[in-house]
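Reader: I would like to go through the terms used for this model one by one. Please set each value against its cut-off.

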Amino acid sequence: MKITAIETRVVNAEMRNWVFVKVSTDEPGLVGWGEATLEWKTRAVVGAIEDLTPLLLGRDPRDIEQAYRAMTKQSFWRLGAVGMSAVSGIELALWDILGKHLNVPVWRLLGGKVRDRVGVYTHLGMGDMRAVYETDSADVLVERAREVVENGYTAFKAVIVPYTHYHAPLPQIDKVARMMDALRSAVGDEIEIMVDFHGRPASAGAALAYIEALAPGRPMFIEEPVQPGDLQSLANLARRTNLPLATGERLIDRSDFDALFATGAIDIVQPDICHCGGLMEAKKIAARAEALGIGVAPHNPLGPIAGVAALHFAVSTPNHVIQEEMVGAVPWYFDVVQGPIRRVDGCWQVPDAPGLGIVVDEDECARHPYKQEVLHTQNAVLPDGTIVDW
């Protein structure tokens with residue numbers, strides 16, 4: 001079997017352009033699909049996939065490790081977030097091909113089933129961009145949280161830490177405390193609440209002020225309290241709080257994760273399967289985490305193929321904790337890709353179709369062509385004009 005073509009299909013989903021990757025083979029009708037979505041870097045990722053394609057044409061798509069090595073080692077330059085997203089999308093498509101060829105679901109090829117269902121969480125508004133990033137009052141927050149619970153979710157994540165710099169103003173700290181108290185009072189103790197800091201605090205001191213304000217609400221974890229790579233601040237925070245810390249969605253290389261693990265600062269690591277190199281690399285990262293007593297909760301606010309890849313990963317990974325999803329990002333989420341994601345009692349069910357188990361409607365994809373993504377990051381400006389982290 002040989003790879004004969006690698007193509008992309010770009011699908012605009014408002015804040016993101018989903019980048020779907022189609023790998024064709026010389027076996028009639030046998031193609032694989034992956035996803036390489038990277039916010040605000042769509043054209044760069046599509047170009048990177050085109051650049052990587054000559055390295056794979058003519059190769060056997062079933063030799064996934066070898067294909068990964070060709071893409072990462074025969075490129076010479078370190079690939080970074082753009083290049084590794086391209087690699088990841090292609091790698092996922094190769095697993096889809098292998099599963100279809102052997103007539104088994106991908107999770108069988110990743111070590112088999114270690115659980116009977118996968119716990120998931122969503123965001124306010126079930127992933128609608130405005131609900132996620134623009135809910136800044138306790139009343140609206142509670143209304144949207146109740147909506148999530150009424151839709152059958154048993155866990156959700158909120159972004160309620162404001163744009164910050166090196167200092168957390170007291171009024172903002174008190175507002176965050178009130179919002180967390182309102183959330184916990186509204187949904188009770190049966191519902192898990194996660195709080196995503198988005199790396200907004202520019203110092204450990206500012207982050208700690210918000211963490212202490214949130215502590216009475218007993219969040220499941222605090223995500224990205226400081227910017228990725230600021231390992232010293234992260235370790236400083238871990239020494240000063242008992243709340244579980246999570247991070248890792250913006251790390252790319254396995255060595256980055258090794259440096260993070262060496263701090264002993266986190267309880268949960270969050271690799272993104274569509275950025276870190278694909279399923280095989282994510283499994284390797286998870287194995288290293290497991291040896292250190294660290295759980296895995298992969299980052300996944302992307303499109304439907306990314307969601308299905310995360311499902312197969314979760315079914316087969318022992319230290320998987322909970323899975324992020326955003327199926328409400330656009331109302332036609334399931335129209336472009338028909339697949340096995342099925343939620344019952346707050347959990348995804350184990351798929352049984354071969355490969356990833358998806359069917360991509362290319363005509364429906366074409367109905368949502370590339371558009372400039374909403375540049376929501378431009379809102380990250382303080383009243384005095386200082387640009388800060390989104």
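Reader: By class, how many nonpolar, polar and charged residues does the lining of the second largest pocket have?

Author: The lining has 7 nonpolar, 3 polar and 8 charged residues. Ala, Val, Leu, Ile, Met, Phe, Trp, Tyr, Cys and Pro count as nonpolar, Asp, Glu, Lys and Arg as charged, and the others, Gly among them, as polar. This is a predicted model, in which local features need pLDDT of at least 70 and side-chain atom pairs count only at pLDDT 80 or more, while totals for chains, interfaces and linings use all residues. Residues are numbered from 1 along each chain as its sequence is written, and side-chain values use heavy atoms, with hydrogens and water left out.

Reader: What makes a set of grid points a pocket, and which residues lie nearest the centre of the second largest pocket?

Author: On a 1 Å grid over the protein atoms alone, a pocket is an open set of points where a 1.4 Å probe fits, with protein on both sides within 12 Å along at least five of seven lines; lining residues have an atom within 4 Å of a point. For the second largest pocket that gives 18 lining residues, with Tyr68, Thr72, Arg78, Met84 and Asp253 nearest the centre. Its volume, the space filled by probe spheres set on the points (joined across faces, edges and corners), is about 420 Å³.

Reader: Which helix supplies the largest share of that lining?

Author: α2 does, with 5 residues. At least two residues each come from α2 (64–73), α3 (80–102), α10 (254–262) and α11 (279–291). Helices are DSSP runs of H or I with at least four residues, strands are runs of E with at least two, and both are numbered from the N terminus. The chain has 14 helices and 15 strands.

Reader: Which residues are closest to the centre of the largest pocket?

Author: The largest pocket holds about 570 Å³ of space. Of its 26 lining residues, Glu39, Trp40, Glu249, Arg250 and Trp390 are closest to the centre. The lining divides into 10 nonpolar, 6 polar and 10 charged residues.

Reader: Why is the pair of Glu39 and Arg16 called a salt bridge?

Author: The term requires a side-chain nitrogen of Lys or Arg within 4 Å of a carboxyl oxygen of Asp or Glu. In Glu39 and Arg16 the closest N and O atoms are 2.9 Å apart, so the pair meets the definition. Glu39 sits in the loop between β3 (31–35) and α1 (42–56), and Arg16 in strand β2 (residues 16–25), 23 residues apart. Both Glu39 and Arg16 are buried (under 20% relative accessible area; exposed is over 50%, partly exposed in between, with a 1.4 Å probe and protein chains only).

Reader: What is the N to O distance between Lys157 and Glu223?

Author: The closest atoms of that salt bridge are 2.5 Å apart. Lys157 is in strand β5 (residues 155–158) and Glu223 in strand β7 (residues 222–223), 66 residues apart. Lys157 and Glu223 are both buried.

Reader: How many salt bridges are there in the whole structure?

Author: A search finds 19. Glu7, Arg9, Lys22 and Glu362 are linked in a network of them.

Reader: How do you know that the chain agrees with a compact globule?

Author: The rule, 2.2 Å times the number of residues to the power 0.38, is set against a radius of gyration over C-alpha atoms. For 390 residues a compact globule would be near 21 Å; the chain has 20 Å, and therefore agrees.
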